[in-house]
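This report goes through a structure one part at a time. Keep the sequence and the 3D view at hand while reading.

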Amino acid sequence: MKRTATMLAAAAMGLTMLAGCAGGGAAGGGNAAGDTIKVGLNYELSGPVATYGQASVQGIEMAVDEINNGGGVKGKKIELVKYDNKSEPAEATTLASKLTSSDKVLTIIGPATSGAFKAEIPVATRAKVPAVSGSATADDVTVGAQGVQEYAFRTCFNDSFQGTAMAKWAAEKKNAKSALIIKDNSSDYSKGLADNFKKTFTAAGGQIVGEEAYVTNDTDFNAILTRAKGQKFDVIYLPGYYNEAGLIIKQARAQGITAPILGGDGFDSPTLLQLAGASALTDVYFTNHYSSLDKDAKVQKFISDFKAKYNTEPSAFNALGYDTAKFVADAANRASDVNAEGIKTAMADTKDFSGVTGSFSMDANHNPVKTIVVIGMKNGQQSTAEKVAS
Amino acid sequence: MGEFAQQVINGLSLGSIYALIALGYTMVYGIIQLINFAHGDVYMVGAYVGYFSMTTLRLGFFESLLIAMVICMVLGVVIERVAYKPLRNSTRIAVLITAIGVSLLLEYTMMFFVGAAVRSYPPLPDYLTGSFQVGGVTVGNQQVLIIGVSLLLMAILQLIVRRTRVGRAMRAVSQDADAARLMGINVDNTISFTFALGSALAGAAGVLVGVYYNSINPLMGILPGLKAFVAAVFGGIGLIPGALIGGFFIGGVETFVSAAGQSLYKDAVVFGILIAILIIKPTGLLGRNVKEKV
C-alpha cells in the first residue's frame, strides 16, 4: 500500500511538471482581466494538518470580506479561488499549476506548512506569480541555494528565530540548565527548531542531556518516555506538530514526567487539548505568532470581530491568515500595476505593515522582521503570554 | 531494573494490540490461505465505531467495545461474502489483489464520511485514566485494561476453537476443506464464522487503541495491520498460538528498539524480522514443514 502511494505521488508529480511547463510558457503570470483581483488559496483543508489550513482560510476569508465591504482594492473586489491540497506536497504542486495556468490568479496564498509551500514555489516562480504563506516557518522557504526566492514571501517569523527565542527564554526566564529534546525526524520544521534550540541553549551555558526522535503518525511514545524518565533535565523541548505532541504530552504526564514542556507554533491547535487532555496541559509553553491575551486595540478588535463571525476564539493561524490576506491587499493597493509582477514588487517593498500578529517590514530575504510570543498553558488554557523581541 | 520493568509493561500493551489483530490474520490464512490485507482496516472501522458509540450515543467503554465487535463481525462477514467468496476457486493472487482493493475501499470510504483529520476519543471516566505504582513502575489503568481485555478475548477464542462444534469445524476445514465437506460440514458458513471471529477481535483492538492512544484516523490501520501480519508470520501463519507469541514478540521488539534509543529504526527492525523469518524459517516459529501434495 505504501508503494501504491509512492507511485501515485510520482504520477501526480509527473503530471504537475507537464502542467507547470504549459502554464509557464503560455501565461507568463496571470493578468488582471475583468473587475476582480483573483487570489488563489492552496490550503490543507483535509488531512493530518487540516486544522492549520482551515484556520488560515477562516482568517483569510474574514479579511477579504472586510476589504470587499470597504470597497475592495483600487475599486476591484478580491475574488478567492479555494482548493484543498489534502496536506500533501504533491497535491499542492498540482493545485499551484491549476491556479496559475487555468484560474490565472494574481497571487497564491498558502499552503500553511513549509513542506507543501516549498513544493509550490517552483511552479509559482515558473509562472511568475507571487506565493505567500502565513505560516511556512522553515528557514529555506524564501531563500534557496540560488539566493532569495523571488516569488516566495511569508508573513511569519522563521524556525531559527523560533528555536533561538525559546532557548533564550528557557535559559533566562525558566533558569533551565539542562534540556531533553524530543523531535520529529520526518519533519523539516521539527528538525530546524531542534537544531536552533540546541545551538542557542548550549551557547547560553545549558546542556542537552539527550535527543529522542519519532516520526509523524507514531502513536506510542511510552518507550522513549520511559527512557527519558531515567534522565535528569530541567525542561523538555518538543518541537512537533499537535497530532504527535498532544499524545507525547499525555503519555509523558501519565508516566509522571512533570518537567515543563516547551514547543513551537505547531502546538497551536484545539486538537492539542483534545489529544492531551486538560490536566496534562499544565506547565506547557510554546512560541507563537500571536496571543489572544494581547491588550493591543487592533488585536482586541480582531478577536471580537472573529468571535462575532465564527463564534470561537481565534488561533494564531486565524490571525496569520487574516494578516496574510491584508498583506496581499496592501501590496495590491501599492502596486503600480495590479498584476502578478506589480504585486510581487510591492510585497518585497513592504515597510511597517501593521497586522494583528505584529508590525513588520520585509527584509531582503522576504522574511518579516517581527516579535515572538511565548504562551504558557495551565489546565489546557492559555494563561500567560510574554513577548520576546528579535 | 525499574526502567526495564516499565518497558516490559509498555511492550505488553503494544503487543496485545498486535496479537489481537494478528489472530484475525492467522485464522483467515489458516482456513482459506488468504492474507486478508483488509484486516487492518476492519480494526480502523472498529476504532471509529467505538468513537461514535462513545460520542454520539454517549455509551460507556464496555458497551462501545461490544458494539464495535458486533459491527466489525458483520463487516467481516460481508467482506467475505461479497469480495472473497465469488473468488473461492480463482488463483490466490486474484484474491490477494481483491483484499488490497477492499482495504483501499474501506480506508477511503471512511475518509469520505469522516474526513482525513485525526479525531480524539472523548475524555474517559476516572477508573480508566488513573495509574498506580508497583515497585517503582508506573502502570496505567489503561494498560491493565488493554492487556486484560486482550487476554480475556484470547481465552474466549481458545475456548471456541477447542471446545465447540463450530471450532472443531474450523479446525477440520483448515486441515482439508474437501474432506470436511464430505463429512457434512458447511464449509461456507465455517469460513464466514472465521471471518466474524477475526474481525470482532480486530474491532476490539481498534477501540482499545482509541482509548489508549486517544488518536484515530482513517489510515490508522495500515501500519499496525502490516505489523500484525509480521507477527502472524513470525509465529507461524495459520497457527493461533503462533499469532499470540508473534504479537507480543513484535510489540516487545518495537518497545526495546525505542528503549535503546533507536526509535527511528523500530519499523525497519520489525520488517527486517519479516525478511529474516521468510529466509530462515518460512513456516514461522511454531510451524512445521508440511510437504505439499501434488
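## Handedness of a helix crossing

A crossing of two helices is left-handed if the near helix is turned anticlockwise from the far one by less than a right angle, and right-handed if it is turned clockwise. In this predicted model, α2(A) and α11(A) cross in the right-handed sense.

The axes of these two helices, α2(A) and α11(A), come within 7 Å and cross at roughly 45°. Angles under 35 degrees count as roughly parallel, and 65 to 115 as roughly perpendicular. α2(A) and α11(A) are therefore oblique to each other.

## Residues at the crossing

Several residues of each helix make the contact. From α2(A) they include A:Tyr52, A:Ala55, A:Val57, A:Ile60 and A:Ile67. From α11(A) they include A:Phe317, A:Leu320, A:Tyr322, A:Lys326 and A:Ala329. Sorted by class, the contact of α2(A) with α11(A) has 14 nonpolar, six polar and one charged residues.

## Chain B as a whole

Chain B contains 12 helices and two strands. Read from the N terminus, its elements run α-α-α-α-α-β-β-α-α-α-α-α-α-α.

What radius of gyration would a compact globule with 294 residues have? It would be near 19 Å, and chain B has 19 Å, which agrees. Along the principal axes, the C-alpha atoms of chain B fill a box of roughly 60 × 45 × 35 Å. Of the 294 residues in chain B, 51% are buried. Among the contacts in chain B with a separation of 6 or more, 75% are between residues 24 or more positions apart.

## Where the two chains touch

The contact takes 30 residues from chain A and 26 residues from chain B. On the side of chain A that touches chain B, α2 (50-69), β9 (207-214), α7 (222-229), α8 (242-254) and α9 (270-276) each supply at least two residues. α7(A) gives the most to this side, with five residues. By class, the side of chain A that touches chain B has 11 nonpolar, 14 polar and five charged residues.

## B:Ala117

B:Ala117 is in the loop between α4 (92-114) and α5 (126-129) of chain B. Is B:Ala117 buried or exposed? A residue is buried if 20 or more other C-beta atoms lie within 10 Å of its own. B:Ala117 has 20 such atoms, so it is buried.

Leaving aside its neighbours within four places in sequence, B:Ala117 is in contact with A:Ser46, A:Ala50 and A:Thr51. The C-alpha atoms of B:Ala117 and B:Thr283 are separated by 39 Å, and the two residues are 166 residues apart along the chain.

## Backbone details in the loops of chain A

The peptide bond from A:Gly110 to A:Pro111 is cis, with omega near -5°. A:Pro111 lies in the loop between β3 (107-109) and α4 (114-127) of chain A.

A:Asn217 is not a glycine, yet it has a positive phi of about 80°. A:Asn217 sits in the loop between β9 and α7 of chain A. With 17 other C-beta atoms within 10 Å, A:Asn217 is partly exposed.

A:Asn311 also has a positive phi, near 65°, in a residue other than glycine. The loop that holds A:Asn311 is between α10 (297-310) and α11 (316-334) of chain A. A:Asn311 has 7 C-beta neighbours inside 10 Å, so it counts as exposed.

Terms used
Residues numbered from 1 in each chain as written. Chains lettered and ligands numbered in written order. Predicted model: local features only at pLDDT ≥ 70, side-chain atom pairs only at ≥ 80, totals over all residues. Helix = DSSP H or I, 4+ residues; strand = E, 2+ residues; numbered from the N terminus. Rg over C-alpha atoms; globule rule 2.2 N^0.38 Å. Buried ≥ 20, exposed ≤ 12 C-beta atoms within 10 Å, placed from the backbone. Contact = placed C-beta atoms within 7 Å. Nonpolar A, V, L, I, M, F, W, Y, C, P; charged D, E, K, R; others polar. Axes fitted to C-alpha atoms, helices over the stretch in contact; angles between N-to-C directions. Parallel < 35°, antiparallel > 145°, perpendicular 65-115°, else oblique.
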